Amino acid sequence: MLRLDYPEIESGQMSLLESLLPQEALKLPPDLEKVDQILMDERFEEPFIEKFNVTIGRGTVPVRVYIRLMLLKYSTEWGYETLEYQVNQNLILKKFCRIPLDKPAPDSTTLIKLNQKYGEDIVKELNKQLMKKLADRKIIRGRKLRVDTTVVESNIHYPTDASLLKDCVDAIASTARKIKDVCEEAVEGFRSKTRTIKGQLLKVAKVLRKRTGEAKEEADAVVKEMVNTAKEAHKAGKKIAKKLKDKAGKKIEKLSQKLDEVLAVTKKIIEQTEEVLSGNVHLSDRVISIHDQDARPIKKGKPRVKAEFGYKVQIEECENGFVSNYEVYKGNPSDDTLLGDAIKRHESTFDHVPESITADRGYGSKENEDTAKEAGIKKVAIPKRGKKSKERQDIEQSRPFKRLINWRAGIEARISLLKRKYGLGKSHSRGYSGTSTWIGWGILTHNLIRSARYV
């Protein structure tokens, strides 16, 4: 059952502990008080009511409590367990989160499940409602828009073919151990191969330390041995999966599904490793993690790193430093194909297109300029790539164009801030959906804290 608040808080009922404490001890700091006022707007509850309004069953963690807990998590970069502990230890934080003082904070595992349940669509809608609220109060007007892309890294180790093969064998063995606890006969005769493949991985590292021309050939020979080991583990896993088909029970069904997923990704990694060993190193759909299969290697031309492993994110910022919209992409789509969608999202949020738009040279194309002008945008400041005509040079040297380009540079600092303080440096949630939710909460937290300055 969906709840908006705890009954005691909603009715204004005071607990015994709260009645014994002086009111000054529970007074919220000014910044939290302003954020609390913003979040009391009913429009932040509408997305939950529309999608999850169930009137039967056990009561959920109240919506107002959940939003405030997520705001605390992403503003402090605490983990879920630390968040639970800190809220239970701090009466002011408990009051801000609208939790009765005589009740414990929601369990960390409950919050993880709620994040998975509500997902990225809810967070996007909350950010959209915040933008509408700020527009209603004339804090922002949606007249200007600047866009840029960045990479949010996944929480994975550096992906090599050898390490991925070891991950697959370890995952099969781990799943088999869990199956053994509920159905021992299904794993009878299973040999994990984890010790074998670990030795082979260490052998690869030892060979590559030689730094000679023959080292790569020797390493490839060992990787071929690892492929054979992974195939043996895959074959053993298939036998377990076959035995589980005749078994019943929720736990067995769940573990059987998990094993099927591990076997599928193992097969794919074996195939891609064999492709690389045959000489084809340019794979368009390469798996770089068995735990985050949607993550991709992305090259952004940075001198410090050749490639980053994760997801590409487009940040769309309006006036006063608010991130009005964002979008998470799988892979590395070209920047010059993303501007049209940004304009549509801006129009959906503010009910009109911006008067001016600016972006870096990566977005520079005649199609993008035509798209912006056809949409009704008066000023477009995107530097052209390649050789420029005298007429184009005059346009880019004009004062209005330069003014917008100078304003565009501020989005680099905004991205840096989001990475340093709001979790966009690295996502600790797995998969496309988990990463999108992680990014969404980081951006929403940034916008809420920033909006407190203007309330």
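Lys-138 is exposed, with a relative accessible area of 53%; exposed means over 50% relative accessible area, buried under 20% and partly exposed in between, using a 1.4 Å probe and protein chains only. This is a predicted model, where local features need pLDDT of at least 70, side-chain atom pairs count only at pLDDT 80 or more, and totals for chains, interfaces and linings use all residues. Residues are numbered from 1 along each chain as its sequence is written, and side-chain values use heavy atoms, with hydrogens and water left out.

**Overall build**

- The protein has 18 helices and seven strands. Helices (H or I, at least four residues) and strands (E, at least two) are DSSP runs, numbered from the N terminus.
- Of its 455 residues, 48% count as buried.
- Along the principal axes, the C-alpha atoms fill a box of roughly 75 × 70 × 40 Å.
- Among contacts in the protein with a separation of 6 or more, 70% come from residues 24 or more positions apart. Contact means heavy atoms within 4.5 Å.

**Two loop residues with positive phi**

- Lys-138 sits in the loop between helix 8 (108-136) and strand 1 (144-154). Its phi is positive, about 65°, although Lys-138 is not a glycine.
- Glu-77 sits in the loop between helix 5 (63-76) and helix 6 (80-89). Glu-77 is not a glycine either, yet has a positive phi of about 60°.
- Glu-77 is partly exposed, at a relative accessible area of 49%.

**Tyr-80 in helix 6**

- Tyr-80 is part of helix 6. It counts as buried, at 15% relative accessibility.
- Leaving out residues up to four places away in sequence, Tyr-80 touches Met-70, Lys-73, Tyr-74, Ser-108, Leu-111, Ile-112 and Asn-115.
- Tyr-80 and Gly-321 are 241 residues apart in sequence, and their C-alpha atoms are 28 Å apart in space.

**Helix 9 against helix 11**

- Helix 9 (residues 161-182) packs with helix 11 (residues 215-244) at an angle of about 25°, with the axes 10 Å apart. Axes are lines fitted to C-alpha atoms, for helices over the stretch in contact, and angles run from 0 to 180 degrees between N-to-C directions.
- That angle makes helix 9 roughly parallel to helix 11. Angles under 35 degrees count as roughly parallel, over 145 as roughly antiparallel, 65 to 115 as roughly perpendicular and the rest as oblique.
- Left-handed means that the near helix is turned anticlockwise from the far one by less than a right angle; clockwise gives right-handed.
- From helix 9, the contact includes Ala-162, Leu-165, Lys-166 and Val-169. From helix 11, the partners include Val-223, Met-226, His-234 and Gly-237.
- The residues of this contact divide into 13 nonpolar, two polar and one charged. Nonpolar covers Ala, Val, Leu, Ile, Met, Phe, Trp, Tyr, Cys and Pro; charged covers Asp, Glu, Lys and Arg; polar covers the others, Gly among them.

**Helix 9 against helix 12**

- The axes of helix 9 and helix 12 (residues 250-277) come within 10 Å and cross at roughly 165°. Helix 9 is therefore roughly antiparallel to helix 12.
- This contact of helix 9 with helix 12 has 15 nonpolar, four polar and four charged residues.
- The crossing of helix 9 with helix 12 is left-handed.

**Arg-177 on helix 9**

- Arg-177 lies in helix 9. It counts as exposed, at 53% relative accessibility.
- Arg-177 and Ser-15 are 162 residues apart along the chain, with 48 Å between their C-alpha atoms.

**Aromatic pairs**

- The structure holds nine aromatic pairs. Rings of Phe, Tyr and Trp (its six-membered ring) pair if their centres lie within 6.5 Å; planes under 30 degrees apart count as stacked, over 60 as edge-to-face and the rest as tilted.
- The rings of Phe-322 and Tyr-454 have centres 5.8 Å apart and planes at 50°, so this pair is tilted.
- Phe-322 lies in the loop between strand 3 (308-317) and strand 4 (323-329), and Tyr-454 in the segment after helix 18 (431-451), so the pair ties together parts 132 residues apart in sequence.
- Phe-322 counts as buried, at 0% relative accessibility. Tyr-454 is partly exposed, with a relative accessible area of 35%.
- Ring pairs also link Phe-48, Phe-52, Tyr-66, Tyr-118 and Trp-441 into a cluster.
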